[in-house]
Amino acid sequence: MKKNMVLLAALLLPACIYAQTEVTAGVMRGKDYGVTYVLPQTQVEIAIETTKHTYTPGEFCKYAERYLYLKGLSATGETYWEINKIELRVAGVPDSEHVYFVKLKDKTVAPLMELTRDGIVRSINMPYSGGDATGPAEEAAAATVDPRGFLTEEILAASSRAKMAELVAKEIYSIRESRNALLRGEADNMPQDGAQLKIMLDNLNVQEQAMLEMFQGKRQDVPDTFTVRLAPEEMDHKLVFRFSKYAGLVDEDDLSGEPYYLSLVDLKTPAIPADDGKKKVDGVAYNVPGRARVTLTCNNKQVAQAELPVTQFGTVEYLAPVLFNKNSTTKVLFDTATGALVKVDREGY
């Protein structure tokens, strides 16, 4: 299997032979050639989008009003979290009780099947989607500027912190004067074009901001998303997580966090016929999920609600083998979170 694609036809048999497959429950048996795949079962996923706010006071914050006329700056650091959005959704995990094998019969070819990394069927006879070949790209860390790299020898050799703050403030005023002179066209060494002017202004802005942070301090807003997963079952007001303003997501037994409760109701759709144990396993298996109403509350207020597909509340059906006969090519797309059919196209007769 290369890039989660299975193309047994090209490896085993001549291209001129027609496609015909048999699907049976279980694992590979004996020396039969074929493809083993699984259907997913559903987990309810709570996605909690948050932002971590951090304030670090500047080393000269107590001199900010004296030298830069900046008022109301705090000399105490602060870190707190806030929730921006909560989303209820489903995720698919392999169901070990629903494993199937696409057997390659003699003098036949198998259809093109795409599986996820977990072996869940994604599509049949469709171009490779590249769905989960690579993980999400990591965001590059924001570059930080050390303000001390802009300090002159005079500033660094100052006899006291107050004197150092005074000299840094003067340097800030000098940067502002240089920028104003460039903007007015009055600088001694004016740039030759707009591109050079922009570079010079950007450098001055970086220096000023770095030195200002020595007085104002630094604020950082870092987004983060937490996920909580649980197996779906009917429940009423079940504690699923706690969230603290000062620590973010915390353990369920950590009373510093506010409790969030989940309720889940099986909507009994679709109506599932009684299983007499005689159902024939024939064709390509897929899920027909049931539906559930999921509600998340905090402090007796509804935070989020959604009606979600739940595989465990549904049933398993099968695509008839006639769809994969020699006269046509049937393309099938599955929902990898639920195993349900998304699309079925048939070409040629």
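1. Buried residues account for 38% of the 349 residues in the protein. The accessible surface comes to about 20,600 Å², and carbon and sulfur atoms contribute 49% of it. Please keep in mind as you read that this is a predicted model.

2. On the overall build, the protein has 5 helices and 14 strands. If you take the contacts between residues at least 6 apart in sequence, 72% of them join residues at least 24 apart.

3. A word on confidence before the details. The mean pLDDT of the protein is 83, and 79% of the residues reach at least 70. Among the elements, strand S10 has the highest mean pLDDT (96), while helix H1 (residues 8-12) has the lowest (34). Over residues 24-28 pLDDT stays under 50, and the model has 15 contacts beyond four places in sequence for them. Over residues 133-141 pLDDT also stays under 50, with 4 contacts of this kind in the model.

4. Now to the interior. In soluble globular proteins, nonpolar side chains tend to be buried together. The largest nonpolar core here has 26 residues, and the members that touch the most others are Ile46, Ile86, Leu88, Phe241, Leu262 and Leu296. At least two residues of this core come from each of strands S3 (34-56), S4 (78-104), S7 (218-230), S8 (235-244), S10 (258-266), S11 (284-298) and S12 (301-319). Strand S12 gives the largest share, 5 residues. Apart from this core lies another, of 22 residues, which includes Leu151, Ile155, Ala158 and Met214.

5. Leaving out neighbours within four places in sequence, Phe241 is in contact with Ile46, Ile48, Ile86, Val228, Leu249, Glu252, Glu258, Pro259, Tyr260 and Leu296.

6. Next, the aromatic rings. A pair of aromatic rings is described by the distance of the centres and the angle of the planes. The count for this model is 6 aromatic pairs. One of them, Trp81 with Phe226, is tilted, at 5.8 Å centre to centre and 50° between the planes. Trp81 belongs to strand S4 and Phe226 to strand S7, so this pair ties together parts that are 145 residues apart in sequence. Trp81 counts as buried, at 13% relative accessibility.

7. Tyr100 and Tyr318 make another pair worth a look. Their ring centres are 6.3 Å apart and their planes stand at 75°, so the pair is edge-to-face. Tyr100 in strand S4 and Tyr318 in strand S12 are 218 residues apart, and the pair links these distant parts of the chain. At 3% relative accessibility, Tyr100 is buried. Together with Tyr37, Tyr100 and Tyr318 form one aromatic cluster.

8. Which residues does Arg179 touch, leaving aside those up to four places away in sequence? They are Leu201, Leu204, Asn205 and Glu208. Arg179 sits in helix H4 (residues 161-184), and with a relative accessible area of 17% this arginine counts as buried because the cut-off is 20%. Its side chain makes a polar contact of 2.9 Å with the side chain of Asn205.

9. Most residues other than glycine have a negative phi. Asn125, however, has a positive phi near 60°, and Asn300 has one of about 65°. Asn125 is in the loop between strand S6 (121-124) and helix H3 (153-156) and is buried, at 18% relative accessible area. Asn300 is in the loop between strands S11 and S12 and is exposed, at 76% relative accessibility.

10. Lastly, a glycine. Gly92 lies in strand S4 and is partly exposed, with a relative accessible area of 22%. Gly92 and Gln41 are 51 residues apart along the chain, yet their C-alpha atoms are separated by 5.6 Å. Beyond four places in sequence, Gly92 touches Pro40, Gln41, Ile120, Thr336 and Ala337.

Terms used
Residues numbered from 1 in each chain as written. Predicted model: local features only at pLDDT ≥ 70, side-chain atom pairs only at ≥ 80, totals over all residues. Heavy atoms only, no water. Helix = DSSP H or I, 4+ residues; strand = E, 2+ residues; numbered from the N terminus. Buried < 20%, exposed > 50% of the residue type's maximum accessible area, 1.4 Å probe, protein only. Contact = heavy atoms within 4.5 Å. Areas by Shrake-Rupley, 256 points an atom, 1.4 Å probe, with all protein chains shown as cover. Polar contact = N/O pair within 3.5 Å; in protein donor to acceptor, adjacent residues only side chain to side chain. Core = buried A, V, L, I, M, F, W, Y, C linked by side-chain atoms within 4.5 Å. pLDDT = per-residue confidence, 0-100. Phe/Tyr/Trp six-rings, centres within 6.5 Å; stacked < 30°, edge-to-face > 60°.
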